Amino acid sequence: MTQFDRDMLAAHNAARRNVSPAASPALEDLTWDEAATRTAKAYAAKCQFRHNPDRGNLGENLTAATSNAMGPQGVVQGWVDEAADYNHANNTCASGKVCGHYTQVVWRNTRALGCAEQACTENSPFGPGRPNWTFWVCNYAPPGNYVGQRPY
């Protein structure tokens with residue numbers, strides 16, 4: 001495992017240990033999955049900021065930024081920050097908000113992940129004035145976010 005892999009895994013597992021309300025029983029730590037990593041790397045290399053339609057039975061979180069300054073902790077924190085808009089009691093997201101990245105990170109039945117970071121110079125989601133961007137992809141096995149089910 002690379003330092004990037006270790007940092008992504010640590011950030012995900014820290015988020016899973018600190019869910020609120022607390023999970024009972026506690027959420028298991030994720031492990032690193034090389035197959036999911038290969039899928040994430042192959043897709044990130046395409047520099048297309050949209051979900052991979054060919055990812056198979058994997059969940060997926062994406063992030064794009066105009067630099068790589070976020071790092072693994074910042075990327076995962078961005079997804080985890082969605083918890084502020086998620087109501088665990090009634091399993092809903094605030095109107096007009098996105099919570100699916102967060103719920104995938106803390107999905108109880110997910111056991112492993114693989115992630116990739118790619119410097120891109122084409123297909124910028126930030127427009128032609130900002131052609132250089134960084135693309136992060138994390139794939140989760142098994143996937144989460146099943147309609148009607150709580151993450152934990």
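User: Is Glu60 buried or exposed?
Analyst: Glu60 is buried, with a relative accessible area of 7%, where buried means under 20% relative accessible area, exposed means over 50%, and partly exposed lies in between, using a 1.4 Å probe and protein chains only. This is a predicted model, in which local features need pLDDT of at least 70 and side-chain atom pairs count only at pLDDT 80 or more, while totals for chains, interfaces and linings use all residues. Residues are numbered from 1 along each chain as its sequence is written, and side-chain values use heavy atoms, leaving out hydrogens and water.

User: Which residue does Glu60 meet in a salt bridge?
Analyst: The partner of Glu60 is Arg55, at 3.6 Å from N to O, and a salt bridge here is a side-chain nitrogen of Lys or Arg within 4 Å of a carboxyl oxygen of Asp or Glu. Arg55 counts as partly exposed, at 25% relative accessibility, whereas Glu60 is buried.

User: OK, and how many salt bridges does the structure hold?
Analyst: There are three salt bridges in the structure. One of them joins the side chains of Arg17 and Asp29, at 2.7 Å from N to O. This pair links distant parts of the chain, since Arg17 sits in helix α1 (residues 3-17) and Asp29 in the loop between α1 and β1 (31-32), 12 residues apart. Helices (H or I, at least four residues) and strands (E, at least two) are DSSP runs, numbered from the N terminus.

User: How exposed is Arg17?
Analyst: Arg17 is exposed, with a relative accessible area of 52%, while Asp29 counts as partly exposed at 37%.

User: What does Arg111 form a salt bridge with?
Analyst: Arg111 pairs with Glu28, and their closest N and O atoms are 3.8 Å apart. The two lie in distant parts of the chain, 83 residues apart, with Arg111 in the loop between α4 (100-105) and β5 (112-120) and Glu28 in the loop between α1 and β1. Arg111 is partly exposed at 36%, and Glu28 is partly exposed at 46%.

User: Switching topic, how many aromatic pairs does a search of the whole structure find?
Analyst: The search finds six aromatic pairs, and rings of Phe, Tyr and Trp (its six-membered ring) pair if their centres lie within 6.5 Å, with planes under 30 degrees apart counted as stacked, over 60 as edge-to-face and the rest as tilted. Among them is the edge-to-face pair of Phe49 and Phe135, at 5.9 Å centre to centre and 80° between the planes. Phe49 lies in the loop between α2 (34-44) and β2 (59-65), and Phe135 lies in strand β6 (residues 133-141), 86 residues apart. Phe49 counts as partly exposed at 39%, whereas Phe135 counts as buried at 0%.

User: And why is the pair of Tyr86 and Tyr102 tilted?
Analyst: Their planes stand at 50°, with the ring centres 6.0 Å apart, so the pair is tilted. Tyr86 is in strand β3 (residues 86-87) and Tyr102 in helix α4, 16 residues apart, and both residues are buried.

User: Which residues form one aromatic cluster?
Analyst: The cluster is made up of Tyr43, Phe49, Trp133 and Phe135.

User: Last one, what does Ser20 touch?
Analyst: Ser20 touches Tyr102 and Tyr152, not counting residues up to four places away in sequence, where contact means heavy atoms within 4.5 Å. Ser20 lies in the loop between α1 and β1 and is exposed, with a relative accessible area of 61%.
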